[in-house]
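Here are a few friendly notes to read alongside the model. Take them one at a time and find each spot as you go.

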Amino acid sequence: MAELDIGSHCQVKSCNQKDFLPFVCDCCSGVFCFEHRTRDSHSCSEEPVKRTTQKEAGTRSYPCSFQDCKGKELLPVICPHCEQHFCLAHRHQDDHQCDKLEVQKPRMVATQELVQKIIESKDGTKSKGRKGAKNSATAAKVALMKLKLHAAGDKGLPQTERTYFQVYLPKESKDSSKPMFFCSKWSVGKVVDYAASLASLKNNNNVQAAKKLRLCHPQTGKAFQMDDNLLSILAHPEAPLYNGGNVILEYLDNECAGLEDVSEYITPS
């Protein structure tokens with residue numbers, strides 16, 4: 001019977017011992033016996049390669065380049081226009097005030113002027129004011145372009161879920177109105193709370209005896225119910241709100257159903 005040739009000889013010349021379970025050096029790839037398996041014992045001439053562990057690789061993060069933002073992401077989120085890193089909340093051009101966005105502004109202004117000329121050409125009675133749902137919707141579309149440039153809101157909201165309003169504030173407020181945007185899926189109650197926070201308004205809606213901060217229709221003055229959904233109000237067939245339109249925020253008594261005179265807030269143009 002032929003003798004099986006199993007194992008390998010140690011490559012240290014002074015040893016040359018045959019080992020049935022030889023060791024392979026990670027640095028020089030040499031084969032050695034148990035006694036000479038370490039780098040020192042066989043005078044290994046190769047430097048060990050530093051391997052990045054999974055734990056070390058996972059600790060890297062990418063800080064947001066937006067001013068005063070401390071957000072970080074585990075994966076790079078790079079703006080394709082200015083090529084800087086941003087967190088998810090500031091990944092869009094308008095959210096991080098992208099330098100490259102400036103080149104689009106003249107085009108946007110030209111578009112606004114063109115839309116205005118088309119509207120004026122279709123309605124020769126501009127000085128008499130525009131009335132009716134159709135004219136209100138058209139005016140809201142024009143206003144929407146302006147609101148998107150200056151409105152305050154949660155920058156983390158996707159563009160497809162944003163609804164913009166010019167919010168007319170209570171009479172006692174320092175400012176008459178502010179442009180804001182909200183999530184179209186929010187209830188009126190959440191819209192009121194968020195608008196109060198943005199405008200630094202006193203909000204006692206959780207105090208039973210206090211006047212309540214209410215959201216009112218800009219034409220009828222009717223106060224919307226707090227549990228109404230913003231999407232349903234935007235789609236209301238009789239007196240809808242418009243994305244880019246107006247709303248009024250005012251303190252009302254508990255039994256009050258709305259405002260008596262909306263002209264005190266919104267002056268017709």
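**Notes on the predicted model**

1. I6, F20 and L21 make up a nonpolar surface patch, with about 360 Å² of accessible area together. Patches take residues with over 30% relative accessible area and no salt bridge, joining nonpolar side chains (Val, Leu, Ile, Met, Phe, Trp, Tyr) within 5 Å and like charges within 9 Å. A salt bridge puts a side-chain nitrogen of Lys or Arg within 4 Å of a carboxyl oxygen of Asp or Glu. Accessible areas follow the Shrake-Rupley method with a 1.4 Å probe, and for residues only the protein chains shown count as cover.

2. This is a predicted model, where local features need pLDDT of at least 70, side-chain atom pairs count only at pLDDT 80 or more, and totals for chains, interfaces and linings use all residues. Residues are numbered from 1 along each chain as its sequence is written, and side-chain values use heavy atoms, leaving out hydrogens and water.

3. Where is F20? Look in the loop between β2 (18–19) and β3 (23–24). F20 is exposed, at 59% relative accessible area (buried is under 20%, exposed over 50%, partly exposed in between; 1.4 Å probe, protein chains only). Helices (H or I, at least four residues) and strands (E, at least two) are DSSP runs, numbered from the N terminus.

4. Most residues other than glycine have a negative phi. D68, not a glycine, has a positive phi of about 65°. D68 lies in the loop between β5 (62–63) and β6 (72–73) and is exposed at 72% relative accessibility.

5. S200 is not a glycine either, and has a positive phi of about 55°. Its loop runs between α4 (188–198) and β9 (212–216), and S200 is exposed at 66% relative accessibility.

6. Overall, the protein chain has five helices and 10 strands, and 32% of its 269 residues count as buried.
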